[in-house]
Amino acid sequence: MVSMKDIIRSGDRMAAMPATIVKLTAAIAQGGTDPDEIASLIRSDEVLTAAVLRRANSVLYGAQGSTFDLRQSIVRLGTKNLTHIIMEQKSSDMFAQAGTAFGLSRGALWRSGIGGAIGAEFIAKRVLPEGSELAYVAGLMRDIGKIALESFFGDQYFKTLEPHIHSSRSFVECERLALGFDHAEVGSEMAQAWGLPEELSGAIRWHHEPPAPGEEGHAVLNDIVHAADAVCLWAGLAVGHDGLAYTIAPHVRQSLRLNRRETENEIAHVWTEARAIEEGLNAPTAQEKIA
Amino acid sequence: MASLLNKASSAKNTGRITVGVADLQVSSDPAACIITHALGSCIGVTVYDPVAKIGGMLHFMLPSGRGNAEKAKANPAMFGDSGVPLLFRSCYDLGASKERLIVCAAGGAEIMNDSGQFKIGSRNRTILRQLFWKNNILLAADETGGSISRTLQIDLGDGRVSFKHKGEEKVLWSA
């Protein structure tokens, strides 16, 4: 039987975690990013420069009829938006080629990451405002384990799980029956190996089955990322072979004070924002395929 | 909304036409095939006039835009209660007749243990049935519910509607 170490080692074959993401994530976990460093990062990278100019001059940011150069754009967007643009652009290098093993076209997994980031930040602003930036990163990175599994198994991944797939089992239960671990555990191990903050590896580990209050491993951040993951499914952002074969932790509705109307608004918000970001970054159009 | 209406009503839609999430497309080209991928809790609705060989497809995400008027106005295809009427109107604009329309639906899946908390998939199914009941429209066939993803396709040559799950195709409706 394949071990989790084998899967993690297959990371050599996948796009490495960009050093920029590791650095920015550490800074966010420690309380904030350095505005000068962010501006310097953007000026030294022409892809980032183009993304910043596009965003600052987009209608989304109210730029009707105005044109902003790079210096004006950096001032206009502010450190938080600039950090997001860097994260989105750099993570697309990792996610853009993955997804086919899960019945998704290339790019769909990245779009789901963006949706998770937006959704997690949206919920965190209400229930954990001081952690909203970390929630954004955790939502973005929650499915990195899928990249490693796809890298290791290729398109045979679902065949490996097939004997265990049953309508009464969630997708992560099927993964554990087939492999002894699931993609959330793989992602968490990868985050630790990359030196990402502990809160982040915890949120990745528990994004499908967050422990309830009083249980070991419980954290509000984990609940937030779990809810954001469900929102992405409802928004149709990355519905692959696994469909909606996931569960919602019963405690999350209460702990995050979610109601149906707010949740539906969030689904619409996440889909709209994710699409705008995708168009803004000129990413490959992600058309999920193969149901 | 005007741009969406123009796009949806375009008779120039030909060949293989992909419908995205919160999107709708119609065509009067008998050689056209309209397809939407990855229906989870969203619902795909197909309509087809077998005489005029006009058809269309909607992929809506949420049941109602009543609590979200701005988004419903910007993108009526996002919601069942604004998208379904738009789909029918767009087909009528191309010359389809309500009396002849064959209507099918797929999707509306649910997260496994969602026992009444959110129920996005089943609320999508409910709004569809309410709309059809109020307007005397019968569903010719549907493939909804469960927790699976589906791809839905309609061929405008003969109106055949099929769906795929994990690559396996099944016919939902054929003449």
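**Exercise 1. Is the crossing of H4(A) and H5(A) left-handed or right-handed?** Work out the geometry and the contact as well.

Before starting, some ground rules: this is a predicted model, where local features need pLDDT of at least 70, side-chain atom pairs count only at pLDDT 80 or more, and totals for chains, interfaces and linings use all residues. Residues are numbered from 1 along each chain as its sequence is written, chains are lettered from A and ligands numbered from 1 in the order in which they are written, and side-chain values use heavy atoms, leaving out hydrogens and water.

*Step 1.* Pick out the elements: H4 covers residues 46-56 of chain A and H5 covers residues 70-95 of chain A. Helices (H or I, at least four residues) and strands (E, at least two) are DSSP runs, numbered from the N terminus.

*Step 2.* Get the angle. H4(A) and H5(A) pack at about 120°, with their axes 9 Å apart. Axes are lines fitted to C-alpha atoms, for helices over the stretch in contact, and angles run from 0 to 180 degrees between N-to-C directions.

*Step 3.* Classify it. Angles under 35 degrees count as roughly parallel, over 145 as roughly antiparallel, 65 to 115 as roughly perpendicular and the rest as oblique. H4(A) and H5(A) are therefore oblique to each other.

*Step 4.* Read the hand: H4(A) and H5(A) cross in a right-handed way. (Left-handed is when the near helix is turned anticlockwise from the far one by less than a right angle, right-handed when clockwise.)

*Step 5.* List who touches whom, with contact meaning heavy atoms within 4.5 Å. On the H4(A) side, the residues include Val47(A), Leu48(A) and Arg55(A), and among their H5(A) counterparts are Leu77(A), Ile85(A) and Glu88(A). The contact residues split into 11 nonpolar, 3 polar and 4 charged. (Ala, Val, Leu, Ile, Met, Phe, Trp, Tyr, Cys and Pro count as nonpolar, Asp, Glu, Lys and Arg as charged, and the others, Gly among them, as polar.)

**Exercise 2. Which side chains meet in a salt bridge with an N to O distance of 2.7 Å?**

*Step 1.* Apply it, and Arg55(A) pairs with Glu88(A) at 2.7 Å. Arg55(A) sits in H4 of chain A and Glu88(A) in H5 of chain A, so the pair ties together parts that are 33 residues apart in sequence.

*Step 2.* Search the whole structure over all chains, and you get 15 salt bridges.

**Exercise 3. How many salt bridges are there between chain A and chain B?** Describe the interface too.

*Step 1.* Count: 2 salt bridges link chain A and chain B. One pair is Glu264(A) with Arg123(B), whose closest N and O atoms are 2.0 Å apart.

*Step 2.* Tally the contact: chain A gives 41 residues and chain B gives 38 residues.

*Step 3.* About 3,200 Å² is buried between chain A and chain B, 61% of it on carbon and sulfur atoms. (That's the accessible area, with a 1.4 Å probe, that two parts lose on being put together, summed over both.)

**Exercise 4. What is the phi of Arg257(A), and where does Arg257(A) lie?**

*Step 1.* Recall that most residues other than glycine have a negative phi.

*Step 2.* Check Arg257(A): phi is positive, about 50°. Arg257(A) lies in the loop between H14 (252-255) and H15 (260-280) of chain A.

Key. Salt bridge = Lys/Arg side-chain N within 4 Å of Asp/Glu carboxyl O.
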